[in-house]
Amino acid sequence: MARAQLDKKPEDVAGMFDDVARRYDVTNDVLSLGMDRFWRRATVRAIDAAPGERVLDLAAGTGTSSAALADGGVSTVACDFSQGMVFEGKRRRPDLAFVAGDATRLPFADDTFDAVTISFGLRNVNPAAEGLAEMRRVTRPGGRLVVCEFSTPPLAAFGALYRFYLRRVLTPISRAVSSNPEAYDYLEESILDWPDQHGVADLLHDAGWRSVSYRNLTGGIVALHRAVKS
């Protein structure tokens, strides 16, 4: 089974997610102790899309967040680099628009979407700055970006506890419930290698986004980053 490294070669990342597609949502629910549902609901609220608006959901996986948007009357496109994830998403929700696409070379015209969102996928985009620039390209002027991503707890004691969980607890659990436990070794490494909240804000600014802000969820385990295309 595929196992991506921190050089994030596209074919390795895609293959890794192909391997875990069928049990992906169940595994995430177990490993996050159910918190992934809260994080995704918070993301949908932050997008604040009105019925009829067009939203691009990147790294959509099997379409969990896309389905919540679409069920609210939002015109939603679910895009993922993994063909396995797209296949599984279409199987579960054939009414949703699923597209296989690379975040650094999006198959959409300029100024297409009212909002773009990516949950737990930006750290897999290589290079992330190029992906953020592409997201800006396909967003209409005045449109917004919402990024939900693992981050760095600001409290040292809580951060130490979180790192202990990643290194000593996540791997044994993933070996029990995942179809590809090695993918979750990569998850641990990619989280620890990812910039903190201020580092991600710098990436957004450098990619041309404005009105950049963030708020922490669950003590900073996850951060919701927001920005606007001027």
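Visitor: Let's start with Leu33: buried or exposed?
Guide: Leu33 comes out at 69% relative accessibility. Buried means under 20% relative accessible area, exposed over 50%, and partly exposed in between (1.4 Å probe, protein chains only). At 69%, therefore, Leu33 counts as exposed.

Visitor: What kind of model is this?
Guide: Residues are numbered from 1 along each chain as its sequence is written, and side-chain values use heavy atoms, leaving out hydrogens and water. Local features need pLDDT of at least 70, side-chain atom pairs count only at pLDDT 80 or more, and totals for chains, interfaces and linings use all residues, the model being predicted.

Visitor: Back to Leu33, then. Where does it sit?
Guide: Helices (H or I, at least four residues) and strands (E, at least two) are DSSP runs, numbered from the N terminus. Leu33 has a positive phi of about 55 degrees, although it is not a glycine. Its place is in the loop between helix 2 (24-31) and helix 3.

Visitor: Which element holds Ser211, where phi is also positive?
Guide: Phi of Ser211 is near 50 degrees, and this residue is not a glycine either. Ser211 is exposed, because its relative accessible area is 57%. The element it lies in is strand 6.

Visitor: What's the strand order in the sheet?
Guide: Two strands pair if DSSP finds at least two bridges between them. Strands of a sheet pair through backbone hydrogen bonds, either parallel or antiparallel. Here seven strands form an open sheet with mixed pairing, in the order 3-2-1-4-5-7-6.

Visitor: And which strands are at the edges?
Guide: An edge strand pairs on one side only. Neighbouring strands in this sheet are turned by 20 degrees against each other on average, direction ignored. The two edges are strand 3 (97-100) and strand 6 (210-217).

Visitor: In strand 5, which residue is the bridge partner of Ile118?
Guide: Strand 4 (residues 113-119) and strand 5 (residues 139-150) pair in the parallel sense, over six bridges. On the strand 5 side, the partner of Ile118 is Val147.

Visitor: At what angle does helix 4 run to strand 2?
Guide: Axes are lines fitted to C-alpha atoms, for helices over the stretch in contact, and angles run from 0 to 180 degrees between N-to-C directions. Helix 4 (residues 64-71) lies across strand 1 (54-58) and strand 2 (75-80). Its angle to strand 2 is about 170 degrees.

Visitor: What covers the buried residues of helix 4?
Guide: The buried residues in helix 4 are Ser65, Ser66, Ala67 and Leu69. Contact here means heavy atoms within 4.5 Å. The cover includes helix 3, strand 1 and strand 2.

Visitor: How far apart in space are Trp39 and Cys148?
Guide: Trp39 lies in helix 3 (residues 35-47), and it counts as buried because its relative accessible area is 5%. Not counting residues up to four places away in sequence, Trp39 touches several residues, among them Phe120, Cys148, Phe150 and Leu217. Trp39 and Cys148 are 109 residues apart in sequence, yet C-alpha to C-alpha the separation is 7.7 Å.

Visitor: How many disulfides are there?
Guide: A disulfide is a pair of cysteine sulfur atoms within 2.5 Å. Cys79 counts as buried because its relative accessibility is 1%, and Cys148 is buried as well, at 1%. By the sulfur rule, the disulfide count is zero.

Visitor: With which side chain does the side chain of Lys229 make a polar contact?
Guide: Lys229 sits in the segment after strand 7 (222-228) and is buried because its relative accessibility is 7%. A polar contact is a pair of N or O atoms within 3.5 Å; within protein, one must be able to donate a hydrogen and the other to accept it, and residues adjacent in sequence count only if both atoms are side-chain atoms. At 2.8 Å, the partner of the Lys229 side chain is that of Asp111.

Visitor: Last one: is the peptide bond from Asn126 to Pro127 cis or trans?
Guide: Pro127 lies in the loop between strand 4 and helix 6 (128-138). Pro127 is partly exposed, because its relative accessible area is 36%. Omega for the bond from Asn126 to Pro127 is near 0 degrees, and the bond is cis.
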